[in-house]
Amino acid sequence: MDKYKERIYWHIRRIVVSHEDAQDILQDTFIKVYRFCDSFVGNSQLYTWIYRIATNECIRMFHDRKIDFTSYDQVSEILIDKLHEETTECEDTILVKFQEAVLRLPEKQKLVFNLRYYDELSYEEIAGILDSSVGTLKTNYHYASEKIKEYMINN
Amino acid sequence: MKKEFDFDSVGKKMPYNVSDTFFSTISEDILATARKRKKASLYKRVITFSIGIAAMIAIIFIINLPNESKNDVSKDEAMATQKEVNIDDLLIEVPDKELEELVVNMETDVFSMQF
């Protein structure tokens, strides 16, 4: 846990924005890791398995709060409001704007962008986490980067 | 000329922050929560098991109650029919002479006399 807690926390935080939610999900993630570690088959790296559990926990939280995960416009607006609440003390406006651009991305693109850009995972590892093909992930990352660039230039 | 955005101007920095002690205490918090949940889950299982057993006993009791009384009634009916059949059979088998004696006995029997 000590080895992965920090990177998993930041992965969760980038998805849910709120520190309290990220803390709760981090707890649930590691409790699930302990409970189901026997079922870890070892086809993937341990940390990609933990990433997968964490990502699913984030999706479950949105689902529990009756936030439709497919309507990303609605999710984006909620998360952007949260972002502004959580970053009132941040003086570096470009960082807030960059996060805003990321949060405006469709869900899949957002996940791929975060895992590739911040966590520097390979496309093969991301494919294991998101159950997707490498080709689709590359396309998602390309579109995500383009949208972020566009947002950063025009806003 | 089209403006370009340089990702390096942002890098991997984020506008979020956490308290300095957060990562040093989170492991303990997670383990404490896991222990608490394990206890709660054990307690929940015991309660569920007890309720299940109680419900089973109640169901068995309820199912058996009417069946038992029904069985008793049918047993009584069977016994009554059996008695009747046996008496008739016996009477047929009794010779006429003995029957006459029986009638005489019954008529003179002090206990069966009506006043």
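1. Start with the order of elements in chain A: going from the N terminus, they run α-α-α-α-α-α-α-α. That is eight helices and zero strands. Keep in mind as you look around that this is a predicted model.

2. How much of chain A is buried? Of its 155 residues, 32% count as buried. As for how the chain folds back on itself, take the contacts in chain A with a separation of 6 or more: 57% of them come from residues 24 or more positions apart.

3. Chain B reads quite simply. It has two helices and zero strands, and 3% of its 115 residues count as buried.

4. The two chains touch. Chain A puts 24 residues into the contact and chain B puts in 18. On the chain B side, those residues sort into ten nonpolar, three polar and five charged.

5. Back in chain A, have a look at α3, which covers residues 46–64. This helix has 19 residues, and from first C-alpha to last it reaches 27 Å, close to the 27 Å expected at 1.5 Å a residue.

6. Which residues of α3(A) are buried? They are Trp49(A), Ile50(A), Tyr51(A), Ile53(A), Ala54(A), Thr55(A), Glu57(A) and Cys58(A). Note that the list includes a glutamate, Glu57(A). As for their partners, the buried residues of α3(A) pack against α1 (5–16), α2 (19–36), α6 (107–118) and α7 of chain A.

7. Helix α7 spans residues 123–130, and the two helices pack at an angle of about 45° with their axes 8 Å apart. An angle like that is why α3(A) counts as oblique to α7(A); the crossing is right-handed. On the α3(A) side you'll find Thr48(A), Tyr51(A), Arg52(A) and Thr55(A), and they meet Glu125(A), Gly128(A) and Ile129(A) of α7(A). Sorted by class, this contact has two nonpolar, three polar and two charged residues. Two of the α3(A) names here, Tyr51(A) and Thr55(A), are also on the buried list.

8. How are α7(A) and α8(A) arranged? Their axes are 9 Å apart and the packing angle is about 100°, so α7(A) is roughly perpendicular to α8(A). From α7(A), the contact uses Tyr123(A), Glu124(A), Ile126(A) and Ala127(A), while α8(A) supplies Val134(A), Leu137(A) and Lys138(A). By class, that gives five nonpolar, no polar and two charged residues.

9. Most residues other than glycine have a negative phi. Where does Glu120(A) sit? In the loop between α6 and α7 of chain A. Glu120(A) is exposed, as 9 other C-beta atoms lie within 10 Å.

10. Asp131(A) is another one to click on. This residue is not a glycine, yet its phi is positive, at about 55°. Is Asp131(A) buried or exposed? With 7 other C-beta atoms within 10 Å, Asp131(A) is exposed.

How values were computed. Residues are numbered from 1 along each chain as its sequence is written. Chains are lettered from A and ligands numbered from 1 in the order in which they are written. This is a predicted model: local features need pLDDT of at least 70, side-chain atom pairs count only at pLDDT 80 or more; totals for chains, interfaces and linings use all residues. Axes are lines fitted to C-alpha atoms, for helices over the stretch in contact, and angles run from 0 to 180 degrees between N-to-C directions. Helices (H or I, at least four residues) and strands (E, at least two) are DSSP runs, numbered from the N terminus. Angles under 35 degrees count as roughly parallel, over 145 as roughly antiparallel, 65 to 115 as roughly perpendicular and the rest as oblique. A crossing is left-handed if the near helix is turned anticlockwise from the far one by less than a right angle, and right-handed if clockwise. Two residues are in contact if their C-beta atoms, placed from the backbone, lie within 7 Å. Ala, Val, Leu, Ile, Met, Phe, Trp, Tyr, Cys and Pro count as nonpolar, Asp, Glu, Lys and Arg as charged, and the others, Gly among them, as polar. The expected span of a helix is 1.5 Å times one less than its number of residues. A residue is buried if 20 or more other C-beta atoms lie within 10 Å of its own, exposed if 12 or fewer, and partly exposed in between; C-beta atoms are placed from the backbone.
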